[in-house]
Amino acid sequence: MNKHALLHIPESRYCFPLSKEEVVIRLRTAKEDAEAGLKVKIIYGVKYDYQKERFTEEVPLKYEDELYAFYEVKLNINDVRLVYIFELEEKGKKYYFSEDGLTKDYNYEECFYNFFQLPYINENDVMPMVDWMPETVFYQIFVDRFCVGDENKDMSYIDMKWGDKPTPKNHAGGDLKGIIKRLDYLKDLGISGIYLTPIFESESNHKYNIINYKKIDPQFGTTEDLVKLVEEAHKRGIKIVLDAVFNHCSDKMNEFADVVKKGKASEFYDWFIIDGDKLDMKKRNFECFAHCEYMPKLNTAVPAVQQFLLDIATYWIDVADIDGWRLDVADEVSHDFWRQFRKAVKAKKKDAVIIGENWHDAYPALMGEQQDSIMNYAYTKVCLDYFAKGRCDEKKTVQHLNSILMRNMEQVNYMMLNLLDSHDTLRFFTEIGKDKKKLETAIALTMFFPGTPCIYYGTEIAMEGGYDPDCRRCFDWDKNHWDIELMDKIKGLLALKKNPVLQWGDVSIKHEDGAIKLVRSYNGKNAILTIKSPTVYTIQMDV
């Protein structure tokens with residue numbers, strides 16, 4: 001047995017409660033040991049009774065990636081003080097795995113020194129589900145390019161013809177009224193959640209350099225327009241999530257301008273991270289987003305900055321009843337701030353969702369006290385490797401999908417925002433060589449994979465686009481240009497998410513007969529997706 005591969009960490013992604021009555025336990029082993037028939041059992045009990053009374057259950061093999069096998073069991077318990085060890089059987093020989101590592105025997109008389117434990121399940125330590133997330137299909141809108149709804153606004157800022165290829169600084173005129181105008185279209189498409197890129201006052205078309213966080217940018221509309229958008233969306237069963245750009249702001253924001261003017265004498269000096277007593281815009285002696293001097297970084301370790309941003313987060317829930325926040329550059333903001341952010345947002349609206357932008361393994365932020373989930377760019381990468389780049393075959397794709405699932409707790413997996421592309425990537429349709437069958441298959445996989453699918457605006461009409469800003473083209477509302485057959489197929493796939501088995505179902509992803517076989521199971525019913533190649537798939541649904 002490969003002892004180096006064995007891993008279990010209590011109170012982590014390897015051991016976590018779903019409630020005070022149900023706990024998920026995972027054990028990682030070497031893949032070759034699992035393939036050789038390794039059997040795993042868990043011997044568990046109540047902490048203070050373990051020496052005398054123990055219970056045993058098999059821990060089935062659930063997931064396999066390139067190197068490891070993951071055994072997982074859900075235990076139903078009636079006492080919140082759980083302790084346990086593992087029994088591993090290899091070729092008829094039994095071993096025990098505890099805090100002492102792998103041993104040939106185990107001394108229950110001295111178990112209190114080395115058993116694994118979940119010492120007490122405190123109710124407020126159980127990560128709750130945002131129950132509407134697993135049943136939602138999101139649609140991401142880059143507001144300036146989606147639809148012009150307000151024909152009476154000042155159009156002088158618009159400097160491109162609708163449909164022309166955009167440059168980084170072009171404004172096309174899309175607005176909030178345009179989204180309201182298209183809500184019925186989105187409802188008919190099968191959309192039940194909208195994620196908007198930033199809508200607050202800013203000089204840019206993308207609005208990621210915000211001047212005033214409590215003012216809707218006049219190019220997009222007014223506070224009243226946002227309130228109406230949320231109201232009309234809610235009438236149609238559609239949630240609205242806004243973009244929280246709290247890592248950085250605009251260099252035109254009043255607080256930064258004050259520091260530019262007064263230097264260290266400014267009361268806002270410590271709101272930013274500055275090398276020296278005065279700001280030097282040319283030398284850029286301050287921290288900013290990427291290398292963009294017009295986006296100075298906010299110091300979220302400073303209490304005054306924290307309070308400023310928390311006020312914004314709760315303000316828009318109060319004013320417009322929004323359903324959550326997507327957190328821009330979440331991985332560069334202090335964990336301490338996100339802990340406060342979660343408490344403030346959840347206290348204001350318990351089922352508001354918090355989705356971080358983190359392109360990598362974000363487990364430190366997904367342990368229940370910061371974010372609910374992230375934009376799942378790891379899933380995006382797997383889809384690109386399989387459907388677009390040809391880097392991975394069916395077997396490798398299965399391994400990578402399983403590996404992603406093992407990064408996080410089950411609750412997080414079922415709230416992940418699973419996307420094929422976004423405003424920060426090339427268009428997926430372009431990446432796959434404009435192959436509509438590949439697009440269809442990729443969307444099918446996205447509907448079956450645990451979590452919340454997110455469709456980037458225009459995917460349903462096969463929008464093309466290279467890297468930013470080309471991926472931010474204007475939506476073509478001329479129906480004569482649409483592939484109605486493709487759109488109908490996509491509608492059919494999005495509609496699958498209404499089935500509880502694809503919302504809450506247990507998941508199995510395996511490589512069988514040269515194909516990807518993804519099975520979701522719930523209340524005795526199964527949904528099976530079989531992908532034989534990037535262009536060939538079948539779906540079986542129990543109804």
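The points below go through the sheets, cores and helix packing of a predicted model.

1. Eight strands form an open sheet with parallel pairing, in the order β18-β17-β16-β15-β12-β11-β20-β19. The edges are taken by β18 (373-374) and β19 (417-419); each has a single partner strand, so one side of each has no neighbour in the sheet.

2. Strand β15. This strand covers residues 239-244, and five of its six residues are buried. On one side β15 is joined to strand β12 (residues 193-196) by three bridges, and the two run parallel. Within that pairing, Ile194 has Ile240 of β15 as its bridge partner. Strand β16 (residues 324-327) also pairs with β15, again in the parallel sense and over three bridges. Here the bridge partner of Asp243 is Arg326 in β16.

3. Gly324. Strand β16 contains Gly324. Is this residue buried or exposed? The relative accessible area of Gly324 is 0%, and a residue counts as buried when the value is under 20%, so Gly324 is buried. Leaving aside residues up to four places away in sequence, Gly324 touches Ile240, Val241, Leu242, Ala352 and Val353. Of these contacts, Ile240, Val241 and Leu242 fall within the residue range of β15, while Val353 falls within that of strand β17 (residues 353-356).

4. Strand β17 pairs with β18 in the parallel sense, over two bridges. Ile355 has Ser373 of β18 as its bridge partner.

5. Strand β2 and its partners. Strand β2 (residues 22-30) has eight of its nine residues buried, so the rest of the structure largely encloses it. Strand β1 (residues 15-17) pairs with β2 in the antiparallel sense over three bridges, and a hairpin of four residues links the two. In this pair Pro17 is opposite Val23 of β2. Strand β6 (residues 68-76) is also antiparallel to β2, and nine bridges hold the pairing. Arg28 is opposite Phe70 of β6.

6. Nonpolar cores. The largest nonpolar core comprises 144 residues, and Tyr139, Leu196, Trp325 and Phe341 have the most contacts inside it. A separate core of 26 residues lies apart from it, and includes Ile25, Ala34, Tyr44 and Ile77. Some of these residues belong to elements already described: Leu196 lies in the range of β12, Trp325 in that of β16, and Ile25 in that of β2.

7. Helices α6 and α7. How are helix α6 (residues 303-320) and helix α7 (residues 335-348) arranged? Their axes come within 10 Å and cross at roughly 25 degrees. Angles under 35 degrees count as roughly parallel, and α6 and α7 are therefore roughly parallel to each other. The crossing is right-handed. On the α6 side the contact is made by Gln306, Leu309, Leu310, Ala313, Thr314, Ile317 and Asp318. On the α7 side the residues are Asp336, Phe337, Gln340, Phe341, Ala344, Val345 and Lys348.

Methods:
Residues numbered from 1 in each chain as written. Predicted model: local features only at pLDDT ≥ 70, side-chain atom pairs only at ≥ 80, totals over all residues. Heavy atoms only, no water. Buried < 20%, exposed > 50% of the residue type's maximum accessible area, 1.4 Å probe, protein only. Pairing = 2+ DSSP bridges. Core = buried A, V, L, I, M, F, W, Y, C linked by side-chain atoms within 4.5 Å. Axes fitted to C-alpha atoms, helices over the stretch in contact; angles between N-to-C directions. Parallel < 35°, antiparallel > 145°, perpendicular 65-115°, else oblique. Left-handed = near helix turned anticlockwise from the far one by under 90°. Contact = heavy atoms within 4.5 Å.
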